[in-house]
Amino acid sequence: MEARIYEFEDFRLDAKRRSIVSRASGELIPLSPKAVELLICLIENTGRILTKDELLEKVWQDAFVEEANLSQTVFVLRKALGDEAKRPRFILTIPNKGYRFIAHVKVFEDAIPKENLSTKRPEEAPFRRKSIFLLIGLTLALIAVVGLYRSFSSSFRPNGLNQIKTLAVLPFEDLSADQSDRYLSISLADVLAGKFGELKQLTVRPTRAVVKYAESRADVRTIGRELQVDAVLDGRLQRDGNRLRVSIQLIRTVDNAIVWAESFENDLSNLSILQDSISKRAVEALALRLNATERERFSRRDTENPRAYEAYLRGRFFWNKRTVDNLQKAIGHFEEAVQQDPNFALAYAGLADCYILLPEYHAAAPIKAFPKAKDAIKKALELDPLIAEAHSALGYTQTFYDWDWTAAERSFERALELNPNYATAHQWYGEHLMAQGRFEESRGRLNRAVEIDPVSPILFVALAGLHDLQGDAEKEIEFSQKALNLDPNFAFGFFYLGMGYERKGMEFEASEAFIKTMTLFGEPQEAADEVRAGFTKGGLRAWWQRRLEQIGNRAYLKDFQIYNKALVQIRLGDKEGALESLERSFERRDHGIVFVKYEQRFEPLRDDPRFQDLLRRMGF
């Protein structure tokens with residue numbers, strides 16, 4: 001190829017060096033070699049339609065690829081150049097045919113500028129000497145600029161990499177013809193987010209923060225603003241029989257600059273190998289320096305059994321949906337994973353995560369769910385003591401089931417030592433400290449969780465719960481509303497909103513918030529109508545009387561926390577009933593009872609020897 005330099009609008013492309021820079025800023029535009037080759041091919045045929053087959057033959061002549069690779073590379077080019085498919089300035093799509101380069105191009109060949117590959121115009125002759133000096137100056141400047149950047153095989157590293165401190169791994173866009181099974185799009189992103197989350201140099205948004213982008217893919221800058229991240233890892237996948245092709249690009253959100261782009265291909269039976277390749281190349285693209293522990297985690301493969309790994313991915317897919325039905329489905333897939341590979345530590349950790357959540361969703365009694373969780377945690381840590389999720393789940397069981405406060409603190413500290421960016425560990429540790437009455441420390445942990453995951457409603461609900469224990473109705477309402485702004489149908493958000501309204505004497509608002517909580521947890525409309533009728537008849541006290549009747553005789557409330565029943569009874573002035581329910585809650589190991597010491601609503605019971613004995617037996 002001749003040593004040509006092409007200029008179009010604000011860009012200058014050096015075909016020999018395979019580099020493109022912004023003429024205004026002198027910054028190198030990061031593009032993969034194939035993207036540059038495609039751009040050169042289009043420019044050399046400016047004004048002519050190049051069919052898809054022609055481009056595939058010219059750019060990928062030594063590889064077997066399909067149209068998806070071409071469309072992905074065109075997409076990358078448009079992003080890098082600030083072009084738009086609907087209003088193109090450079091690359092025009094010809095439907096069902098191919099592409100055409102439409103910008104005005106100047107060509108520099110042997111130091112002589114040419115317009116659109118034509119001969120120079122006569123009026124330019126007096127300026128030939130000036131053009132030569134200009135070309136020499138520009139070439140030297142280009143060499144200097146290029147020298148500032150270190151390149152590697154598939155991409156260039158632009159300035160600002162050291163400014164990437166926060167990252168979101170978006171659900172992959174599935175381009176497969178058969179999209180009946182969408183688990184890969186979220187699960188693969190979830191696994192990658194977990195790997196990156198173990199790096200102390202990065203703060204990575206958890207999957208629950210990005211799962212909403214699985215259906216509607218917003219502009220990168222919008223995502224960056226909503227998730228408050230410096231960069232996003234955006235990917236597309238395509239299944240063809242037993243083959244899986246994945247295209248990845250790492251995009252800086254402040255300016256939409258593509259930091260790195262690359263394609264991967266492997267058998268569906270080698271998903272773990274594919275995931276390892278992506279994560280390692282992304283670490284290289286970010287120029288991250290890993291310590292010995294981090295290198296070990298990145299190089300270690302969790303299972304060599306492809307069926308076990310696929311079952312694990314399916315389990316994580318359903319776990320992230322956080323409903324009772326999907327938690328049960330997740331348990332089935334995690335169990336399948338450990339049947340396929342009994343030494344698959346992460347699958348045991350997944351089982352533990354499911355079992356400890358079931359009681360919170362009124363789907364199982366704690367005394368039935370937590371022993372299963374503890375067995376799964378024990379197995380996970382025996383197989384791999386470096387799993388942060390397992391240590392965090394252990395701390396949760398030690399807090400909310402064993403009431404072993406000292407051991408729980410050690411477990412949470414270990415989890416955060418292994419993964420300082422694990423928002424759930426910060427949250428659960430904050431709730432542990434809350435139960436201990438260490439409110440300022442709790443607030444610090446919960447605030448750190450919000451920094452890591454600023455779009456998680458459960459974290460704002462945890463802060464609302466903290467202010468409920470402290471009797472601060474204004475702050476409780478404020479954080480409940482923040483949770484509901486993120487998810488208008490978040491049941492726990494309405495629960496604490498009702499608690500705050502009740503503290504302020506806003507009875508009607510409280511009753512309606514509690515009714516919304518009931519319906520969002522799946523209770524029938526007739527139950528809501530009953531308590532609403534009670535309120536109409538006798539205010540909030542009558543509301544609670546109706547509610548107490550429902551708790552006692554409705555089959556669908558058989559796993560309702562007895563601790564919450566005690567809270568209803570004390571509202572109604574029934575001290576004996578509240579003490580009896582607290583004793584039953586103690587026997588059942590209800591989640592909420594760990595907060596009993598600092599629950600202000602139980603103030604009338606403080607001096608009762610039975611209440612003091614309960615606190616003693618819980619280890620307070």
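**Entry 1: the whole chain**

I note at the start that this is a predicted model. I looked up the overall make-up and found 25 helices and 14 strands in the chain. The chain has 620 residues, and 57% of them count as buried. I also looked at contacts between residues at least 6 apart in sequence: 60% of these join residues at least 24 apart.

**Entry 2**

Are the faces of strand S3 (residues 19-22) covered or open? I found both covered: Ser19 and Val21 are buried on one side, Ile20 and Ser22 on the other. A reminder to myself: side chains in a regular strand alternate between the two faces of the sheet.

**Entry 2: a sheet of three strands**

Next I looked up an open sheet, where three strands follow the order S4-S6-S5 with antiparallel pairing. Which strands stand at the edges? They are S4 (50-51) and S5 (91-94); each has a single partner strand, so one side of each is left without a neighbour in the sheet.

I checked the pairing of S4 with strand S6 (residues 98-101) and counted two bridges, with the strands running antiparallel. Leu50 has Tyr99 in S6 as its bridge partner. Helix H1 (residues 33-44) packs on this sheet and touches S4, S5 and S6. The direction of H1 makes about 70° with that of S6. Helix H3 lies across S5 and S6, and I noted an angle of about 150° between H3 and S5.

I moved on to strand S9 (residues 166-169), where both faces are covered. Thr166 and Ala168 are buried on one side, and Leu167 and Val169 are buried on the other.

How do S9 and S11 pair, parallel or antiparallel? I found the parallel sense, over two bridges, with S11 spanning residues 203-204. Leu167 stands opposite Val204 in S11. S9 also runs parallel to strand S12 (residues 231-240), and three bridges join them. Here Val169 has Leu233 as its bridge partner. For the background, I wrote down that strands of a sheet pair through backbone hydrogen bonds, either parallel or antiparallel.

I picked Ile258, which lies in strand S14 (residues 257-267). Why does Ile258 count as buried? Its relative accessibility is 3%, and the cut-off for buried is under 20%.

Then I listed what Ile258 touches, leaving out residues up to four places away in sequence: Pro30, Val76, Lys79, Ala80, Gln249, Leu250 and Ile251. I also looked up Leu233, seen above as the partner of Val169. Leu233 and Ile258 are 25 residues apart along the chain, and their C-alpha atoms are separated by 9.9 Å.

**Entry 3: cavities**

How many cavities of 30 Å³ or more does the structure hold? I found four. H5 supplies the largest share, six residues. I sorted the lining of the largest cavity by type and got 11 nonpolar, eight polar and 12 charged residues.

The second largest cavity holds about 80 Å³ of space. Its lining includes Ala68, Gln72, Leu175, Arg236 and Ser247. Helix H3 (67-81), S12 and strand S13 (243-252) each supply at least two residues of this lining. By type, the lining of the second largest cavity divides into four nonpolar, four polar and two charged residues.

Conventions: Residues numbered from 1 in each chain as written. Heavy atoms only, no water. Buried < 20%, exposed > 50% of the residue type's maximum accessible area, 1.4 Å probe, protein only. Helix = DSSP H or I, 4+ residues; strand = E, 2+ residues; numbered from the N terminus. Pairing = 2+ DSSP bridges. 1 Å grid on protein atoms, 1.4 Å probe; cavity = no way out; pocket = protein on both sides within 12 Å on 5 of 7 lines; lining within 4 Å. Points joined across faces, edges and corners; volume = space filled by probe spheres on them. Nonpolar A, V, L, I, M, F, W, Y, C, P; charged D, E, K, R; others polar. Contact = heavy atoms within 4.5 Å. Axes fitted to C-alpha atoms, helices over the stretch in contact; angles between N-to-C directions.
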